[in-house]
Amino acid sequence: MSVAKSWDELQKMHRACTITVETLEVLAQAAQAGVTTKELDRIAHDCIVKAGARPAFLGYRDYPATLCISINEEVVHGIPGPRKLREGDIVGLDLGCIWKGFYGDAARTVGVGQVDARAAELMRVTREALLAGIEQCWPKKRLGDIGWAVQSHAEGHGYSVVREFVGHGIGTRLHEEPQVPNYGPPGRRERLVPGLTLAIEPMLNVGRPEVKVLDDGWTAVTRDGSLSAHFELTVAVTEHGPWILSEPWPYAARPELHA
Amino acid sequence: MPEAAGGEAPALSARVVEILPSALFRVELAGQGRPQATVHLAPEAGLLRVRPGDAVLVRLSPVDPGRGRIVGLQ
């Protein structure tokens with residue numbers, strides 16, 4: 001189990017996550033039909049460097065880019081290239097940065113132009129599943145409760161949950177202990193403690209849950225070619241409940257600031 | 001960036017010492033030298049004929065080291 005983070009460390013992660021999520025917002029606006037994925041990668045790199053941070057994925061296990069961009073049936077880890085976005089695509093944008101040695105990691109899936117109702121519904125449910133998982137991040141809850149919340153929300157809407165990839169602890173490294181699966185029985189595995197920081201990231205498929213990794217060694221696609229969506233946020237467990245690290249700390253919860 | 005889900009336990013070499021009911025086997029792990037695991041044939045092993053004395057490969061369960069799966073012949 002990774003070490004619980006101190007208040008100062010959480011502040012640094014808060015900064016890293018804020019930069020990441022703000023960059024994702026820029027990318028979501030930029031993801032229009034006709035834009036190449038390479039171009040989005042360049043925008044992501046520029047935004048992160050301009051904010052004074054460093055890209056977290058570039059060079060991680062020899063990953064060649066700043067951004068992971070996964071279109072339609074691609075689940076995660078798509079490598080930016082010359083491919084152009086088309087009207088109706090759904091585009092998973094996964095990004096991370098390092099601020100003063102601490103990592104922030106986030107992802108969202110956006111539609112290019114007008115997407116059909118089926119894709120919009122998938123993106124909505126995936127985001128809701130992420131929030132359902134985050135709601136479990138209270139002290140004394142267990143890791144299994146997060147997976148259960150995500151899985152039951154996803155499967156309740158008829159989608160399947162990817163098993164081969166999982167969320168993770170995060171802090172001074174991109175992937176720390178413990179792994180955070182998006183499935184599993186509630187009330188099992190490690191207890192959550194204040195200061196624990198987790199990247200929760202449900203990956204939902206319209207069809208079956210199986211994925212395969214393409215020959216580039218990174219891009220994961222659904223085996224049956226069905227649509228897939230991915231949302232991710234970095235969350236800290238605190239005594240006052242979950243703190244989504246890209247959001248401001250709830251002011252009322254810190255009475256010493258009112259003094 | 002999601003992490004690849006936890007890797008499978010490594011295959012250990014073992015020797016079959018006893019055939020139990022219900023397609024279970026008791027094996028002796030080469031390293032530990034004592035009968036330890038009751039082992040169910042793993043589906044990926046296909047149709048194996050396993051007899052006492054055979055050298056096999058076993059993956060132990062991550063949650064119960066007293067159980068494992070025979071994944072192949074050595």
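Guide: Start where the chains meet: the bridge partner of A:Val166 is B:Glu3, in E1(B). The model is predicted, and local features need pLDDT of at least 70, side-chain atom pairs count only at pLDDT 80 or more, while totals for chains, interfaces and linings use all residues. Residues are numbered from 1 along each chain as its sequence is written, with chains lettered from A and ligands numbered from 1 in the order in which they are written.

Two strands pair if DSSP finds at least two bridges between them; strands (E, at least two residues) and helices (H or I, at least four) are DSSP runs, numbered from the N terminus. In terms of contacts (C-beta atoms, placed from the backbone, within 7 Å), 6 residues of chain B meet 18 residues of chain A. That side of chain B is made up of 4 nonpolar, 1 polar and 1 charged residue. Here Ala, Val, Leu, Ile, Met, Phe, Trp, Tyr, Cys and Pro count as nonpolar, Asp, Glu, Lys and Arg as charged, and the others, Gly among them, as polar.

Within chain A, helix H4 (residues 143-156) has 14 residues and spans 20 Å from first C-alpha to last, close to the 20 Å expected at 1.5 Å a residue; the expected span is 1.5 Å times one less than the number of residues. Of the 14 residues in H4(A), 10 are buried. A residue is buried if 20 or more other C-beta atoms, placed from the backbone, lie within 10 Å of its own, exposed if 12 or fewer, and partly exposed in between. The buried residues of H4(A) include A:Ile146, A:Trp148 and A:Val150, but also A:Asp145 and A:His153. Their cover includes helix H3 (117-134) and strands E6 (160-161), E8, E9 (197-200) and E10 (203-205) of chain A. Just past H4(A), A:Gly158 has a positive phi of about 85 degrees.

One of those covering strands, E8 (residues 176-180), contains A:Pro178. The peptide bond between A:Glu177 and A:Pro178 is cis, with omega about -5 degrees. Most residues other than glycine have a negative phi, and most peptide bonds are trans. Two exceptions in phi are A:Asn72, near 55 degrees, and A:Lys100, about 50 degrees. A:Asn72 is in the loop between E2 (67-71) and E3 of chain A and counts as buried because it has 20 C-beta neighbours inside 10 Å. A:Lys100, in the loop between E4 (90-99) and E5 (102-111) of chain A, has 13 such neighbours and therefore counts as partly exposed.

E3 belongs to an open antiparallel sheet of 3 strands in chain A, ordered E3-E12-E11. Strands E3 (74-76) and E11 (211-213) are its edges, each with a single partner strand, so one side of each has no neighbour in the sheet. E11(A) pairs with E12 (residues 220-222) of chain A over 3 bridges, and A:Val213 stands opposite A:Ala220.

Notes: Two residues are in contact if their C-beta atoms, placed from the backbone, lie within 7 Å.
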